Amino acid sequence: MIRNVVGSVLALAGATAAVWSPFRAWYDGRHGSDYAIGDLFTGITGTGSGVIGSILLPFAFAALVTVLGVVLRSRLLVAAAGLVVLGFTVLWMVRVGQAEGSLVVSGDGRGLGDGVANAFGGAVLLLLGALVMSGRPKAHRLEPAPRPTQPTFDDRPPEEPYGTGQPYGTGQPYDTETRSMPYAAPGRFDVPVEPPRDRDDRPGPGHDPPGRP
């Protein structure tokens, strides 16, 4: 959090310095807003330019990208804005050096002015701000939950005993008749049958069974 705040402050300060630099003297007292953006690609001329079509245009674009990068906490956007400012400043120096034959720095207002220093300083602050920023926090991927140790409804049911190899409730441990009549009549399955008596044990004539008159 603190790194993002410090990086954002540095980036905004760099963008402000870059946008302000065209309104300062760049070379021999000539302001950066007097250099046409097209002269950077075709060659520096003595013809002046309007503010909108000057070197201010790429610097203003870099400032907008910087603000967007700060809002989104994107290090890539802030770094891209710093490269834009640095690239156009170096390109301007190459073209001016070709037109003048050499670049000089003097204290009497001739040669490179403070506008170039502001542009370079703004580019350095933008790149430093992108380096300091921590960026957006990465989303942590949740690890899959471990498999439960206890059986759940999603697990495959255990196999039926008796070696059938079928899940519980689908096997046939009993015959068809027994499964179709789980509550049959008691005399059919539960009550034992009295074994038959031998002939010698049968009562003879005149012997009535007990309890008969």
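This is a predicted model: local features need pLDDT of at least 70, side-chain atom pairs count only at pLDDT 80 or more; totals for chains, interfaces and linings use all residues.
Residues are numbered from 1 along each chain as its sequence is written. Local features need pLDDT of at least 70 and side-chain atom pairs pLDDT 80 or more, while totals for chains, interfaces and linings use all residues, and side-chain values rest on heavy atoms, without hydrogens or water.

The protein chain has seven helices and two strands. Helices (H or I, at least four residues) and strands (E, at least two) are DSSP runs, numbered from the N terminus. Their order from the N terminus is α-β-β-α-α-α-α-α-α. Of the 213 residues, 25% are buried. Buried denotes under 20% relative accessible area, exposed over 50%, and partly exposed the range in between (1.4 Å probe, protein chains only). Contacts are defined by heavy atoms within 4.5 Å. Among contacts in the protein chain with a separation of 6 or more, 64% join residues 24 or more positions apart. Accessible areas were computed by the Shrake-Rupley method with a 1.4 Å probe; for residues, only the protein chains shown count as cover.

Helix α5 comprises 19 residues. At 1.5 Å a residue, the helix should span 27 Å, and its end C-alpha atoms lie 26 Å apart, which agrees. The expected span is 1.5 Å times one less than the number of residues. The buried residues of α5 are Gly115, Val116, Ala119, Gly122, Ala123, Leu126, Gly129 and Ala130. Viewed down the helix axis, these residues fall within an arc of 160°, so they line one face of α5. The arc is taken from the directions between the helix axis and the C-beta atoms. Val124 and Leu131 are exposed on the other side of α5. The cover over the buried residues includes α1, β1, α3 and α4 (75–100).

Ala62 belongs to helix α3 (residues 56–72). Ala62 is buried, at 1% relative accessible area. Beyond its neighbours within four places in sequence, Ala62 contacts Ala81, Val84 and Val85. Ala62 and Gly82 are 20 residues apart in sequence, and their C-alpha atoms are 7.3 Å apart in space.

Side chains of opposite charge can pair when their charged atoms come close. A salt bridge was assigned where a side-chain nitrogen of Lys or Arg is within 4 Å of a carboxyl oxygen of Asp or Glu. One joins Arg24 and Asp114, with the closest N and O atoms 2.8 Å apart. Arg24 lies in the loop between α1 (2–20) and β1 (25–27), and Asp114 lies in helix α5 (residues 114–132), so the pair ties together parts 90 residues apart in sequence. Arg24 is partly exposed at 33% relative accessibility. Asp114 is also partly exposed, at 32%. The other bridge joins Arg30 and Asp34; here the closest N and O atoms are 2.8 Å apart. Arg30 is buried, with a relative accessible area of 17%, whereas Asp34 is partly exposed at 26%.

A nonpolar surface patch is formed by Met1, Ile2, Val5, Val6 and Val9. Together these residues have about 540 Å² of accessible area. Patches consist of residues with over 30% relative accessible area and no salt bridge; like charges are joined within 9 Å, and nonpolar side chains (Val, Leu, Ile, Met, Phe, Trp, Tyr) within 5 Å. Val6 lies in helix α1. Val6 is partly exposed, at 40% relative accessible area.
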